[in-house]
Every structure is written in structure tokens, then in C-alpha cells.
Amino acid sequence: LRPYPLQNIDFVPSIVARTTTMPRLKIATNVPQASIPANFLADAATMFQEAIGKPMEYICVYLLPDQQMTFGSPGVPCAQIEVMSIGKLGVEENKVLSKKIFDFIKEKLKIEGNRAYINFHDAAPQDVGFNGTTFHEIFAKR
């Protein structure tokens with residue numbers, strides 16, 4: 001778990017709260033929309049949910065195809081990927097997620113592992129809004 005600033009010492013969410021909410025997977029790629037499998041988003045959501053171990057009701061996946069981008073060689077399929085979550089990210093967790101995500105994009109989008117980066121962001125609860133409030137407030141009510 002990431003340390004909290006001293007001014008927030010009165011609120012430290014429980015381990016359960018930190019491991020059951022809001023992961024997001026964002027994939028920006030130069031792969032054309034026409035080459036994206038019809039079931040890509042559903043398959044990506046299932047893969048991501050299983051990999052990160054959070055409830056499907058909080059899983060958010062979005063795909064940005066047709067991006068003007070290059071990675072090493074022009075015209076080669078590539079991607080920039082972001083994973084954001086409150087908890088469930090760290091040295092070992094990111095290795096597992098990286099493997100599963102790279103395997104997935106290679107199979108579904110034909111993007112080789114050396115043509116993408118994944119940026120991991122372990123967000124603080126106060127920095128993520130949901131349903132008219134923030135997770136800081138949601139966690140405080142638990």
C-alpha cells in the first residue's frame with residue numbers, strides 16, 4: 001500500500017477497500033478500427049478483471065484505435081497502455097499484469113511486446129471520483 005500524507009493520517013482505508021475498487025485499462029494503438037476483433041472490449045474486460053482480481057462492476061476498459069503513433073518502426077502495430085487502480089499495483093502485481101496484458105494484445109491486436117509500454121498508476125482514493133463523490137468518502141463510510 002502506498003503511504004498516506006500525515007494530514008490524512010486519520011483516514012487509512014482498509015485492505016479490503018483498497019483491493020476491491022476501480023481499475024482502468026486504457027489502450028491507445030495505431031491498429032485500425034477495422035482490424036479490432038468484434039468482442040475485443042468484452043474479452044479485454046474479462047482478462048483485466050481476472051488479472052487484477054477486482055469485481056467486474058468496477059472494471060473500465062477503453063480502446064483508442066487508429067491513433068497516429070509509431071514505436072521504433074513506422075507502420076508497425078504498436079500501443080501505449082495505462083493501468084490505473086486504487087491498490088492492487090506494485091512490483092510483483094505489475095509483473096503479472098504486464099505479462100497478461102502483453103499476451104492479450106499480441107493475440108488480439110498482433111502487437112509485439114517490444115512495441116508497447118504499460119504505465120501503472122496506483123491512484124489515491126481522494127483522486128478518483130465515482131457516483132458523485134470520491135473513493136476517499138466511499139471508503140470512509142465502510
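**Reading the sheet, core and cysteines**

Tutor: Alanine 79 stands opposite alanine 116 in E4. Keep in mind that this is a predicted model.

Student: In which sense do E3 and E4 pair, and over how many bridges?

Tutor: The pairing of E3 with E4 is parallel, over seven bridges.

Student: What is the strand order of the open sheet?

Tutor: The order of its four strands is E2-E1-E3-E4, and the pairing is mixed. E2 and E4 are the edge strands; each has a single partner, so one side of each lacks a neighbour in the sheet. From one strand to the next the twist averages 10°.

Student: Which strands does H2 touch?

Tutor: H2 packs on the sheet against E1, E2 and E3, with its direction at about 135° to that of E2. H3 lies across E1, E3 and E4 and runs at about 140° to E4.

Student: Which residues of the largest nonpolar core touch the most other members?

Tutor: In this core of 27 residues, they are Leu25, Ile27, Phe48, Ile81, Ile101 and Ile105. The elements that each supply at least two residues are E1, H2, E2, E3, H3 and E4. H2 gives the most, seven residues. Apart from this core lies another, of eight residues, including Tyr58 and Phe135.

Student: How many disulfides does a search of the whole structure find?

Tutor: A disulfide is a covalent bond between the sulfur atoms of two cysteines. Here the search finds zero.

Student: Is cysteine 78 buried or exposed?

Tutor: Cysteine 78 is buried, because its relative accessible area is 0%. Cysteine 60, at 35% relative accessibility, counts as partly exposed.

Terms used. Residues are numbered from 1 along each chain as its sequence is written. This is a predicted model: local features need pLDDT of at least 70, side-chain atom pairs count only at pLDDT 80 or more; totals for chains, interfaces and linings use all residues. Side-chain values use heavy atoms; hydrogens and water are left out. A nonpolar core is a set of buried Ala, Val, Leu, Ile, Met, Phe, Trp, Tyr and Cys residues joined through side-chain atoms within 4.5 Å. Buried means under 20% relative accessible area, exposed over 50%, partly exposed in between (1.4 Å probe, protein chains only). A disulfide is a pair of cysteine sulfur atoms within 2.5 Å. Two strands pair if DSSP finds at least two bridges between them. Axes are lines fitted to C-alpha atoms, for helices over the stretch in contact, and angles run from 0 to 180 degrees between N-to-C directions. Contact means heavy atoms within 4.5 Å.
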